[in-house]
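This report describes selected features of a predicted model. Please consult the sequence and the structure shown below while reading.

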Amino acid sequence: IDYLRIKPSSVANPRTEGQVDQRSKFSTVLRFLQPMTDFLRVGFKLYANKMTQFNAAMSYNLNNAITGSYPNFMIDYANALVSRGNLVGAFNAAVASSGGLVEFTWDDNSGSGNAQPTDKALLVVYNPEKDESIYDEAGVERTATAQSLGMPASYVGDDVEAFVGFLSEDGKEVANSVYIGSVTVA
């Protein structure tokens, strides 16, 4: 999709309370999603109809993952999605950290609905303190039931947010991500 933008010569609209409120929500979601732009190309590819994958992710999270009130908007991680689709998601997922790794675990639910043993894990670790993400958009197979992501040394002691989803082997199906909690990087 080609886009062309120009800088307006002047902004004709005043900064109304509603506009400031919406712009604050937008910037909160933007801070959350921007560090994982490449990941979202995989995670939201099925919902990018007449828009980019990033815009589809922005739209979903603006409508479903904002909590608080102006000026203290925050991401409600439990309602946020970093991948979206109809593939069966992770079951009994958990997260832990040791030795500079964030360790993801889940139960093998292959055969449940359209879940296949060959589905690849989609893993995201988001560091809200640094506005950075570490992710893997082609992880281990569903049957492996565990995968670790290495964290930079600067993350040690930081609380990070973890999400897991799945991608079918042929790349045509994606599962809704599951927020599995916050963990302190050890």
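When neighbours within four places in sequence are set aside, the contacts of Asn61 are Val29, Phe32, Leu33, Ile66, Ala80 and Leu81.

Asn72 is located in the loop that lies between β1 (66-67) and β2 (74-75). Between Asn72 and Gly171 there are 38 Å in space, taken from C-alpha to C-alpha, and the two are 99 residues apart in sequence.

## Packing of α1 against α3

Helix α1, comprising residues 17-33, packs with helix α3, comprising residues 53-64. The angle between them is about 125°, and their axes are 10 Å apart. An angle between 115 and 145 degrees is neither roughly perpendicular nor roughly antiparallel, and the two helices are therefore oblique to each other. The crossing in which α1 passes α3 is right-handed.

On the side of α1, the contact is formed by Gln22, Lys25, Phe26, Val29, Leu30, Phe32 and Leu33. Helix α3 contributes Phe54, Ala57, Met58, Asn61 and Leu62. By class, the residues of this contact comprise 9 nonpolar, 2 polar and 1 charged.

## The four-stranded sheet

The model also contains an open sheet of 4 strands, arranged in the order β6-β5-β8-β9 with antiparallel pairing. Its edges are formed by β6 (132-136) and β9 (178-184), each of which pairs on one side only. On average, and with direction ignored, neighbouring strands of the sheet are turned by 20° against each other.

How many bridges join β5 to β6? Strand β5, residues 120-127, is joined to β6 by 5 bridges, and the two strands run antiparallel. Within this pairing, Asn127 has Glu132 in β6 as its bridge partner. In general, the strands of a sheet pair through backbone hydrogen bonds, in either a parallel or an antiparallel manner.

Terms used: Residues numbered from 1 in each chain as written. Predicted model: local features only at pLDDT ≥ 70, side-chain atom pairs only at ≥ 80, totals over all residues. Heavy atoms only, no water. Axes fitted to C-alpha atoms, helices over the stretch in contact; angles between N-to-C directions. Parallel < 35°, antiparallel > 145°, perpendicular 65-115°, else oblique. Left-handed = near helix turned anticlockwise from the far one by under 90°. Contact = heavy atoms within 4.5 Å. Nonpolar A, V, L, I, M, F, W, Y, C, P; charged D, E, K, R; others polar. Pairing = 2+ DSSP bridges.
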